[in-house]
Amino acid sequence: MRSDGRQPLEAREFDIETNILVQCWGSARCVVGGGLGGGTECLAAVTAQIGEGTACGVEVECSPSLWAAGDDRAKLALQERLAREADAWLTPWRAAIPKIGEKLGWHLVIDCIILSDDGGLREALSCAIRAALASTKLPAAEEALEASDETTEALPFSLLPAETPPTTLSVDECPVVVTLAVVGGTLLADTTADEPADAMVAVAVAAGGAVVGVDVLCGAVPPALLREAVAAAPALAAPLLGASSLAPAPR
Amino acid sequence: MPLHAAARARVLAAVRKPHNWTRSSDRIRDAAPPAPGIRSPSAVVPSAGAGRSRRPCGAHSMDARAFARRTRRGVVRREVREAHGGEATFRRRGAPVAKEALRDEQATYVVPDANVVLHQLDVLEHRDVNCAQLDRLVICRTVAEEVRARDRRCYRRLLALVRDPARRILTLHHASPTPLPRESTNDANDRAIRDAAALVKEVCGDCILATDDADNRRKAKQAHLRALSTLELCALVEPSLSDRVCRHDDDGASSDQVYAPHLPPQELRKGVAAGTFTRGVFRATSAFRGSVGDVSIEGSNCNRALDGDEVVVERVKEAEALNEEEDDVRLNVGEDLRTSMGRVVGILKRRPVEVCGSFERSGRFRPLDRRLPRVVVEKRVKDTDTRVVVKIDGWDASSKLPRGHFVAELGKRGDQATETTCILREQGVASGPFSAGAMGCLPSPDFDVEADALRSSREDLRASVICSIDPPGCRDIDDALSCTFSDGVYHVGIHIADVTRFVESDSALDAEAKSRGTSTYLVDRRLDMLPVLLTADLCSLRANVDRLAFSAFVDVDEEGTILETRYARTVIRSRAALTYEQAQRMIDSQDDSGVGASVRRLCALARVLRRKRVDAGALALASPEVKFKLDREDQPTDVSSYQLYEANKVVEEFMLLANVCVASTLAERFPALALLRRHPAPPLERFSDFLEHASRKGFSIDASTSKSLADSLDAATDPSDPELNTLLRIAATRCMAPAAYFCCRDEQGEQRRHYGLAAPLYTHFTSPIRRYADVVVHRLLAAAINDKPLPPAYAARDASTQLGRLATDLNRLATNAQRASRRSVALHTLLFFAKKPMDRCDGRVLAVRDGRLDVLLPQFGVEASIKVDGVVKEGGLAWDDVVVRVFDRVVVRVAVAKRDEDADDAVVLGLVEPAPPRSSGESVPPRSSGEPVAKKRRT
């Protein structure tokens with residue numbers, strides 16, 4: 001029994017909200033926990049550019065209100081680490097970024113903000129990213145033979161009229177991440193910031209419960225427990241996957 | 001990720017401000033109200049289940065209020081038009097204006113629609129025409145937004161107009177139009193503007209809706225509004241403004257078509273994809289002749305393309321392209337027939353064209369630029385003796401010539417000031433004063449150099465013997481030299497004005513310098529890149545004052561090998577600002593003062609360096625340079641070629657040395673960012689004509705490498721004709737492409753070489769006062785030596801791309817500045833010969849072509865062509881029993897043909913020796929008029 005009354009492999013409640021930022025093509029907010037602890041809250045926003053080939057980058061920023069001044073280095077280190085991890089999660093998904101014609105394609109940037117942290121940061125972040133991508137509706141574009149200036153070459157594409165159905169992204173390959181803590185030889189799912197942990201393991205799970213990656217975040221995890229964690233992850237991830245993969249709302 | 005930084009910043013700003021998204025209407029409606037004691041914004045508490053997801057209602061990305069906007073660079077933004085509920089409000093320069101105040105004003109306001117703003121801005125601005133009524137405009141938000149979406153340049157002009165305190169322009173902030181069922185966005189916008197006009201009428205008592213759309217006018221009249229077209233409006237308020245109206249001729253559509261219609265964009269796209277068409281930029285050589293890449297296009301095949309337009313062309317068979325008479329001409333001249341012919345099938349993008357010129361007797365407008373055709377312009381009074389600016393609006397298939405509208409009057413034709421204004425305007429050289437923002441970035445004139453140097457711990461070189469060598473009267477001294485010698489090693493200091501100390505990256509001053517790109521030198525004035533406080537005072541390395549410098553220290557041994565280089569920011573005190581002539585006297589004398597010895601050491605080392613460079617294959621190039629003596633009214637009284645001393649070469653040698661050293665440092669330290677300068681090796685076939693002409697003169701020139709070219713040019717001397725060598729060099733120089741800036745990342749290996757200087761890497765470091773490229777190089781070098789971090793703009797993710805664009809811009813600006821100064825020289829040549837016509841003047845033939853000789857007058861550096869009835873034969877022009885070949889001596893008579901209505905002043909050469917054929921005229925044809933005739937239409 002844990003301090004908040006949960007079973008070892010019971011995750012906290014969570015909430016996902018999409019399309020919260022009007023200036024982005026897709027956005028989502030994910031809150032894990034909530035209640036008196038404040039929970040963990042992440043925001044992800046998708047901005048876009050058209051360029052040669054396709055690409056997707058992730059930027060993570062920690063809300064300045066949560067990391068007091070003077071602790072800048074810790075904040076920067078965390079931002080960098082999360083951005084690197086998130087970038088790795090998205091690797092298999094990148095093939096799903098739509099192309100435009102032969103040469104051009106979408107270049108997406110996912111800007112994430114961590115508004116509060118009470119454990120389960122990776123769950124919240126990965127869900128926010130996945131939901132933001134699922135909610136993304138890019139304007140329809142086509143490759144065009146368009147006049148280009150001699151001096152500053154404009155890219156040859158044109159945006160189609162607003163009536164054209166928008167381009168959506170498939171998020172099947174985009175995983176959510178669940179973290180499990182090792183405490184005294186047992187596994188605890190989705191620990192809060194107050195719960196102690198000897199080691200932490202993150203498991204990335206894509207649609208259909210496929211485990212696509214395992215990452216030991218800190219400490220050392222015995223192989224048996226690692227296997228156990230991988231086995232438990234799909235069940236933990238299922239509700240997150242379901243909630244963050246909603247098809248875009250019908251027009 | 002190359003996402004444009006500004007786009008990201010916008011999003012991050014939106015994300016950082018919590019109210020921005022909590023306020024957003026896309027937020028779900030049924031969000032639980034925050035429970036007491038729970039921290040906001042994490043106020044959403046799931047009510048049931050382990051987790052759930054909600055989708056907000058109405059949050060489609062492409063709903064009526066959100067739309068996509070792209071930038072040139074490919075950023076696709078989602079923009080949301082805020083629904084503007086509530087009452088419409090008037091503002092004047094941002095401040096709200098009460099409706100009561102407008103009612104009391106009792107004035108008639110004009111409400112223009114978006115098309116009027118887009119096409120008739122010259123009328124609305126009505127520069128230098130007094131028209132109080134058009135000072136009262138109401139610009140609706142709908143109009144402003146549409147203009148913004150369609151033409152940024154026009155939008156900027158509109159903003160400037162609205163902010164002009166001399167006018168009484170109102171902006172109307174009203175509800176965004178929502179299209180009714182089965183109503184197009186355009187119609188909804190028109191309706192919104194009519195509603196706005198009705199509101200203005202209600203508030204002010206009277207109002208005129210200006211629209212060129214007849215249907216809109218009809219609807220407005222039904223609503224009892226006064227609606228006028230721009231022309232009618234001008235007739236009402238100020239008839240002289242009707243000259244400036246841009247006219248759309250729709251009525252000509254039914255008459256005979258002169259030109260084939262342009263193909264629709266889809267067909268063009270298909271054609272280009274399939275390879276049947278080629279796209280490119282149309283480069284005209286005369287009004288109805290030009291080329292796209294290697295496809296040449298003539299007559300009606302140009303199909304309304306103007307110089308600089310981006311077009312799609314179709315290759316055509318020889319026979320189809322030429323009619324018989326043209327065929328004859330071509331065979332006569334023996335012109336190169338290998339290039340293929342083509343015709344324009346579509347125009348992708350028109351270059352915005354504002355041209356200077358004058359009206360002919362026939363009433364047509366004749367641009368100064370001979371590559372443009374005459375223009376049909378509606379104007380009531382057409383004074384043939386005034387220079388005017390005309391904007392070309394379009395070219396209908398039914399019209400032989402393009403149409404345009406009058407923009408401005410510049411002054412009397414042939415007048416020196418007017419013609420100079422024309423040159424600046426056509427070359428786009430900024431001649432106005434610096435903006436207030438830029439001037440605000442300047443330090444105070446009594447800036448304390450010493451204190452500043454101490455604060456930033458600069459190296460103090462004020463005790464060193466440093467001097468500068470420049471042309472007489474030079475005020476912007478950007479380089480100074482020092483040299484000591486010990487143990488067989490020369491320690492050279494090349495000290496360059498530290499401009500970046502005063503020009504911060506991304507400041508208003510920096511932006512202005514960037515947009516100017518370079519200082520422009522005209523015969524009678526100089527247009528600076530930076531304000532005069534910097535160019536002539538604080539940055540200028542004048543004698544006997546402390547100045548901040550960026551120094552390159554190079555240790556060179558007696559063989560000219562570079563042993564070590566080092567850079568530092570320094571403070572110097574130049575001992576003497578020498579002229580080339582003074583420096584030359586020091587070189588020639590035995591004066592052992594500090595400066596004299598230093599100059600002689602520099603000279604000795606320069607000889608070594610030069611030999612070394614020449615051994616490596618550097619070319620000594622030449623182009624005719626002219627120097628005018630001006631009297632008090634800036635009228636030229638004398639003209640001479642530029643005199644060169646050895647001292648010129650000394651300075652040049654050390655500038656090259658510094659530039660080469662800096663280039664390799666930058667390329668090593670910033671392989672993706674360095675701004676370098678390359679000079680492409682010319683393809684051998686470009687030399688073929690030159691080689692043939694030289695061989696006829698008995699010289700065998702080998703142009704296979706720069707080294708062989710340099711050596712064979714050195715060997716090509718004729719003791720009886722010392723001028724000939726310079727002539728050969730001028731001709732060789734013309735076979736080469738100009739050098740250009742580039743971003744190090746964009747070119748690799750051999751492509752980076754500077755052919756003329758035989759340097760693997762080269763850049764510009766030594767003239768930051770007058771070239772922006774050097775300013776960039778200074779910033780990069782400061783970062784390379786860890787003196788100052790890279791400015792944020794250079795550290796951004798897409799910095800290399802930005803730098804590549806900057807390089808292109810700087811190349812364009814440099815070319816424009818160079819053209820402007822050449823045209824200024826031509827103008828003064830004309831003024832000079834108008835006063836002093838010459839009966840006999842030595843000339844040299846530079847080229848022979850279709851019945852013409854291109855002659856250079858070496859004494860004056862002037863070039864012009866003579867029309868001679870002759871046949872091209874054996875590499876020369878032949879008539880009677882004479883053959884004149886390239887590089888031959890001729891004697892000419894020089895005069896100026898006086899302008900009349902249909903022609904401008906022009907320098908005219910007449911052949912004296914050898915005697916021209918009897919039938920031959922002597923004048924240069926003013927322009928070739930190759931206008932197509934309607935009957936020769938092709939489809």
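Let's start at H126(B), which sits in the loop between α5 and β7 of chain B. The model is predicted, so local features need pLDDT of at least 70 and side-chain atom pairs count only at pLDDT 80 or more, while totals for chains, interfaces and linings use all residues. Residues are numbered from 1 along each chain as its sequence is written, chains are lettered from A and ligands numbered from 1 in the order in which they are written, and side-chain values use heavy atoms, with hydrogens and water left out.

Most residues other than glycine have a negative phi. H126(B) has a relative accessible area of 4% and is therefore buried; buried means under 20%, exposed over 50% and partly exposed in between, with a 1.4 Å probe and protein chains only. Now look at D487(B), in the loop between β24 (479-486) and β25 (489-497) of chain B. D487(B) is not a glycine either, and its phi is positive at about 50°. With a relative accessible area of 78%, however, D487(B) is exposed.

Next, find helix α7 of chain B, residues 152-163. The expected span of a helix is 1.5 Å times one less than its number of residues. For the twelve residues of α7(B) that gives 16 Å, which agrees with the 16 Å between its end C-alpha atoms. Which residues of α7(B) are buried? They are C154(B), Y155(B), L158(B), L161(B) and V162(B). An α-helix has 3.6 residues a turn, so residues three or four places apart point the same way. On the face turned away from the buried side, α7(B) carries the exposed residues R153(B), R156(B) and R163(B).

At the start of α7(B), a side-chain oxygen of D151(B) comes to within 3.1 Å of the backbone nitrogen of R153(B). The cover over the buried residues of α7(B) includes α4 (114-119), α5 (121-125), β7 (138-140), α6 (141-150) and β8 (170-173) of chain B. Contact here means heavy atoms within 4.5 Å.

Two of those covering elements, β7 and β8, bring us to a sheet. In chain B, an open sheet of four strands runs in the order β5-β4-β8-β7, with mixed pairing. The strands β5 (95-97) and β7 of chain B stand at the edges with a single partner strand each, so one side of each has no neighbour in the sheet. From one strand to the next, the twist averages 40°. Two strands pair if DSSP finds at least two bridges between them; β7(B) and β8(B) pair in the parallel sense over three bridges. One bridge joins V138(B) to its partner L170(B) in β8(B). Helix α8 (residues 185-204) of chain B lies across β4 (89-92), β7 and β8 of chain B, running at about 80° to β4(B). For such angles, axes are lines fitted to C-alpha atoms, for helices over the stretch in contact, and values run from 0 to 180 degrees between N-to-C directions.

Further along chain B, β28 (residues 546-557) and β29(B) pair in the antiparallel sense over eleven bridges, with R547(B) opposite I572(B) in β29(B). These two strands form a hairpin with four residues between them, and G560(B) in the turn has a positive phi of about 90°. Strand β22 (residues 459-460) of chain B also pairs with β29(B), in the parallel sense over two bridges, and D460(B) has V571(B) as its bridge partner.

In the loop between β29 (562-573) and β30 (576-579) of chain B lies S574(B). Is S574(B) buried or exposed? Its relative accessibility is 1%, so S574(B) counts as buried. Not counting residues up to four places away in sequence, S574(B) touches several residues, among them I466(B), S468(B), L541(B) and N544(B).

Finally, glance at chain A, which has three helices and 14 strands. Of the 251 residues in chain A, 57% are buried.

Methods. Polar contact = N/O pair within 3.5 Å; in protein donor to acceptor, adjacent residues only side chain to side chain.
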